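Here is a short briefing to read alongside the model. It goes through strand pairing, the nonpolar core and the salt bridges in turn.

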Amino acid sequence: SNAGYTRGDLVFAVRSGTTNAAPTERIRLESGGDIVHGGSTGVHERYFSGIVTGNGTVSHDITHTSDASTGTVLHIQASMTHHPSYDCILDTWVSRRSSTFSRSEQFRRDTTVSGAWTVSYVSNTVTRITKSAGTYAGGGPYWIKAVWRNYQ
């Protein structure tokens with residue numbers, strides 16, 4: 001096995017068997033926070049988390065390679081819990097093939113009270129996930145997970 005830094009990234013590589021072959025990269029923790037599986041061009045995972053109220057807003061950007069009509073697909077999950085009746089949960093797939101998309105498929109609960117998640121196009125290299133304000137003043141934890149493979 002081998003672990004080290006590459007341009008500010010932490011790289012984990014393993015050798016196949018006991019030969020003296022060069023190690024193969026398996027996982028990379030990029031300096032920007034992405035976890036990359038399967039080498040530097042593999043599948044990216046990005047997490048965001050914090051505390052927010054139901055009537056508060058939060059927004060995070062997912063940065064990826066330029067995707068001008070190439071069709072990168074992102075799997076985005078988001079959850080906010082602050083009251084048993086007012087969870088705010090999202091699980092959606094988004095194709096970046098179009099430059100004018102917005103997705104807000106909610107998994108369950110009253111989004112008027114808790115707010116709602118929305119995934120939207122910002123630019124060829126940025127996809128944004130946002131929680132809008134609801135009416136409930138209580139707060140709690142949220143987390144967001146995005147998974148995608150950059151177009152090479």
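A residue counts as buried when its relative accessible area is under 20%. By that cut-off, D9 and R28 are buried. Please keep in mind that this is a predicted model.

**Salt bridges**
- The whole structure holds 4 salt bridges.
- One of them joins the side chains of D9 and R28, at 2.9 Å from N to O. D9 sits in strand β2 (residues 9-14) and R28 in strand β3 (residues 24-29), so this pair ties together parts 19 residues apart in sequence.
- D9 and R28 also belong to a salt-bridge network with E25.
- D34 pairs with R46, their closest N and O atoms lying 3.2 Å apart. Because D34 is in the loop between β3 and β4 while R46 is in strand β5, the link ties together parts 12 residues apart in sequence.
- D34 is buried, with a relative accessible area of 6%.
- D61 and R128 meet at 2.6 Å, N to O. D61 is partly exposed at 32% relative accessibility, and R128 is partly exposed at 28%.

**Strand pairing**
- Strand β5 (residues 43-53) pairs antiparallel with strand β4 (residues 35-37) over 3 bridges, and I35 stands opposite E45.
- β5 also runs antiparallel to strand β13 (residues 139-149), joined by 11 bridges; here H44 has W148 as its bridge partner.

**Nonpolar core**
- The largest nonpolar core has 19 residues, and those with the most contacts inside it include W117, Y142 and I144.
- β5 and β13 are among the strands that each supply at least two residues of this core.
- Y142 touches F48, I51, H60 and W117, among others.

Notes. Residues numbered from 1 in each chain as written. Predicted model: local features only at pLDDT ≥ 70, side-chain atom pairs only at ≥ 80, totals over all residues. Heavy atoms only, no water. Pairing = 2+ DSSP bridges. Helix = DSSP H or I, 4+ residues; strand = E, 2+ residues; numbered from the N terminus. Core = buried A, V, L, I, M, F, W, Y, C linked by side-chain atoms within 4.5 Å. Buried < 20%, exposed > 50% of the residue type's maximum accessible area, 1.4 Å probe, protein only. Contact = heavy atoms within 4.5 Å. Lists of a residue's contacts leave out its neighbours within four places in sequence.
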